[in-house]
Amino acid sequence: MKPHSQTPQDPSEMEQRRELTRVMLRLVRGMRAIFNTQAQEMGLTYARAHMILAVSRAEGLSQTCLAEVLDIETPSLNRTLDGLEKLGFLERRPDPNDKRVRQVFLTDHARENADQIESFTNDLRARVYHGIDAQALDAALNVLHAMDKNLDEMRHPCPK
């Protein structure tokens, strides 16, 4: 990976970037841990609960599209789908237009759980964002989108 031309020379800016990175990672780990605890109370893992939510928001997606939505590799997706299918949460059906493609649907059992997962996810967000106004959220979102764009360019350096 080549060095980027915008490396700060100011030690205080370098420290700010270190601290921001540390806090972002801590937040992600903390939110995931709380989410995982809630999911485990339902007999699920974070990955399985996350997949149930993704399917509930767009039932009938192909496995390939679902992997893209979740930003995971196909083997990981298939392992999680296999587990959820065995537990009676999901079913895979052939696409009526292309029998080689498998679409993913929730079972009735999963729909009940999806509402509960959505509920504790919304509660978690409300608690994490407590006291943060819309303007601050907008500024944070702009920074995170710019960082995500930079990461994308690092992952996919070839022009499209």
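**Entry 1: the whole chain**

I began with burial and found that buried residues make up 24% of the 160 residues in the protein chain; buried means under 20% relative accessible area, exposed over 50%, and partly exposed in between (1.4 Å probe, protein chains only). A note to myself: this is a predicted model, where local features need pLDDT of at least 70, side-chain atom pairs count only at pLDDT 80 or more, and totals for chains, interfaces and linings use all residues. Residues are numbered from 1 along each chain as its sequence is written, and side-chain values use heavy atoms, with hydrogens and water left out.

Next I looked up the fold pattern. I read α-α-α-α-β-β-α-α along the sequence, with 6 helices and 2 strands in the protein chain. Helices (H or I, at least four residues) and strands (E, at least two) are DSSP runs, numbered from the N terminus.

Then I checked the dimensions. The C-alpha trace spans about 55 × 40 × 25 Å along its principal axes. The radius of gyration is 19 Å, while a compact globule of 160 residues would have one near 15 Å; the radius is taken over C-alpha atoms, and the globule rule is 2.2 Å times the number of residues to the power 0.38.

**Entry 2: helix α2**

Which residues of α2 are buried? I found Ala 49, Met 51, Ile 52, Leu 53, Ala 54 and Val 55. Their cover includes α1, α3, α4, β1 (90–95), β2 (98–106) and α5, with contact meaning heavy atoms within 4.5 Å.

I also checked the length of α2. Its 12 residues should span 16 Å at 1.5 Å a residue, and the end C-alpha atoms are 17 Å apart, which agrees. The expected span is 1.5 Å times one less than the number of residues.

**Entry 3: the largest pocket**

I looked up the volume of the largest pocket, and it is about 2400 Å³. Of the 50 lining residues, Met 24, Leu 144, Met 147, Asp 148 and Leu 151 are the closest to its centre. A pocket here is an open set of points on a 1 Å grid over the protein atoms alone, where a 1.4 Å probe fits, with protein on both sides within 12 Å along at least five of seven lines; lining residues have an atom within 4 Å of a point. The volume is the space filled by probe spheres set on the points, which are joined across faces, edges and corners.

Which element gives the largest share of the lining? It is α6, with 14 residues.

**Entry 4: Asp 71**

My last stop was Asp 71, in the loop between α3 and α4. Its phi is near 55°, a positive value in a residue other than glycine. Asp 71 counts as exposed because its relative accessibility is 69%.
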